[in-house]
Amino acid sequence: MNAYQAHNNGLQVSGGTVSVGGDVHAVQHNHPAAARTPIGAGGGREGRSADVGILTVLREEMAAVVDVLSRAHDHRVEQAHGGATVHRATFPAEGGPVRVVATQALEPGTHSAALAHQQLRRRFAPPLVLLVGIAGGVRADVAVGDVVLADEVIWYDSRRETGDGPRRRGRIQATAPVLRHRVSDFLIRHGTVVRPESGGEFRVHRGPIGSGNAVVTDAGSGVRAWLAEVHEKTLAVETEAGGVAQAYYEEIADDRALRGWMTVRGISDHADRHKGHADHELAARHAALVTARLLPYLRLVEDER
């Protein structure tokens, strides 16, 4: 493993990850020259059965993604060995089709999301994985129904409990550069305002989100205050992206076929005392719509070396 090591007093960077707080040790990991490729997943497109994998968690999230996939001419449904339902479809893109596979994690939370990522990669070997669903907005300019394309995930669960209150030890992981480039191209061509065929409009935001197993339902919560201090532009909070980020981080050094992951989140509430289920379906539909429009930009050029 190639590594670049550095120290500072504020942030820890590790494999695209930044840790916040305490004495900091940073390690930047890169692909080794002779990386291991998973069984059944070759280094090229011919060695895998999907180009993009989609993970969801809630019923409303999966239903919205299935609605998008069902519009493809070859949409089909399978059952995985473990019992999970898998949806597959192909979408047109410049340079050739994008093969998509989508499934649902067993339950909410970072641990189940990490396992779902590993299982999806093991069976279908998509080089890109999208976590698609809902989140709570934590900025005044992020409205219910808007969609966030997260380019950084701030893990807020790690902490030390003291007599003076918790001392959080956060970690920030940025999405892979290849996805940042593709998202930039998407936003340049489509802009940040989406007008669905059903009417109305919503905005697409790009920026960091907070992730952890704690569900935030208080505008004055310590989690929200800490996130604002760590990154003043934090857009939303949710409970799965941190798990997928960790799964990706642990696999990337040994898997040259893995290119990146990101999360697409529709805003269903403001992560305060009014949090509820009323706008789950709206937020999930908008996240799925943006995902459908993003897919043609995710057919990656293969490494010809």
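Predicted model: local features only at pLDDT ≥ 70, side-chain atom pairs only at ≥ 80, totals over all residues.
The overall counts come to 6 helices and 17 strands. The chain has 305 residues, of which 52% count as buried. If you take the contacts with a separation of 6 or more, 73% of them are between residues 24 or more positions apart.

As a general point, nonpolar side chains tend to be buried together in soluble globular proteins. Here the largest nonpolar core has 70 residues, and the members that touch the most others are Leu-149, Trp-261 and Val-290. Strand S9, residues 128–137, gives this core its largest share, 7 residues. Apart from this core lies another one, of 10 residues, including Val-138, Ile-172, Val-223 and Trp-226.

Setting aside neighbours within four places in sequence, Trp-261 is in contact with Val-129, Leu-131, Val-153, Gln-173, Thr-175, Leu-179, Ala-241, Val-244, Ala-245 and Tyr-248.

On to helix packing. Two packed helices are described by the angle between their axes and the distance between the axes. For helix H3, residues 177–190, and helix H6, residues 280–294, the angle is about 100° and the axes are 11 Å apart. Angles of 65 to 115 degrees count as roughly perpendicular, so H3 is roughly perpendicular to H6. On the H3 side the contact is made by Val-183, Phe-186 and His-190, and on the H6 side by Val-290, Arg-293 and Leu-294. Val-290 has come up already, among the residues that touch the most other members of the largest core.

Staying with H6, look at Ala-287, which is found in that helix. Ala-287 counts as buried because its relative accessibility is 0%, and the cut-off for buried is under 20%. Beyond four places in sequence, Ala-287 touches Val-132, Gly-133, Val-147, Val-264, Arg-265 and Gly-266. Ala-287 and Ala-64 are 223 residues apart in sequence, yet their C-alpha atoms are 8.2 Å apart in space.

Ala-64 takes us to helix H1, residues 59–69, where the buried residues are Glu-60, Glu-61, Met-62, Ala-64, Val-65, Val-68 and Leu-69. What covers them? The cover includes strands S5 (52–56), S7 (85–91), S8 (98–104), S9 and S17 (260–269), along with H6.

From S8 I pick Thr-103. Thr-103 is buried, at a relative accessible area of 9%. Leaving out residues up to four places away, Thr-103 touches Ile-54, Leu-55, Thr-56, Met-62, Ala-84, Thr-85, Val-86 and Leu-120. Met-62 in that list is one of the buried residues of H1. Thr-103 and Thr-56 are 47 residues apart in sequence and 6.4 Å apart from C-alpha to C-alpha.

Is Ser-211 buried or exposed? Ser-211 is buried, with a relative accessible area of 0%. The residues Ser-211 touches, not counting those up to four places away, are Thr-110, Val-153, Ile-154, Trp-155, Tyr-156, Asp-157, Glu-238, Thr-239, Glu-240, Ala-241 and Gly-242.

His-205 also counts as buried, at 6% relative accessibility. Which side chain does His-205 meet in a polar contact of 2.8 Å? The partner is the side chain of Asp-146. Away from its neighbours within four places in sequence, His-205 is in contact with Asp-141, Val-142, Asp-146, Val-147, Val-148, Leu-149 and Leu-235. Leu-149 is another of the residues named for the largest core.

Last, backbone angles. Ala-125 is not a glycine but has a positive phi of about 55°. Ala-125 sits in the loop between helix H2 (110–124) and S9, and is buried at a relative accessible area of 5%. Ala-271, again not a glycine, has a positive phi of about 50°. The loop in this case runs between S17 and H6, and Ala-271 counts as buried at 1% relative accessibility.

That is the end of my list.

Terms used: Residues numbered from 1 in each chain as written. Heavy atoms only, no water. Buried < 20%, exposed > 50% of the residue type's maximum accessible area, 1.4 Å probe, protein only. Contact = heavy atoms within 4.5 Å. Helix = DSSP H or I, 4+ residues; strand = E, 2+ residues; numbered from the N terminus. Core = buried A, V, L, I, M, F, W, Y, C linked by side-chain atoms within 4.5 Å. Polar contact = N/O pair within 3.5 Å; in protein donor to acceptor, adjacent residues only side chain to side chain. Axes fitted to C-alpha atoms, helices over the stretch in contact; angles between N-to-C directions. Parallel < 35°, antiparallel > 145°, perpendicular 65-115°, else oblique.
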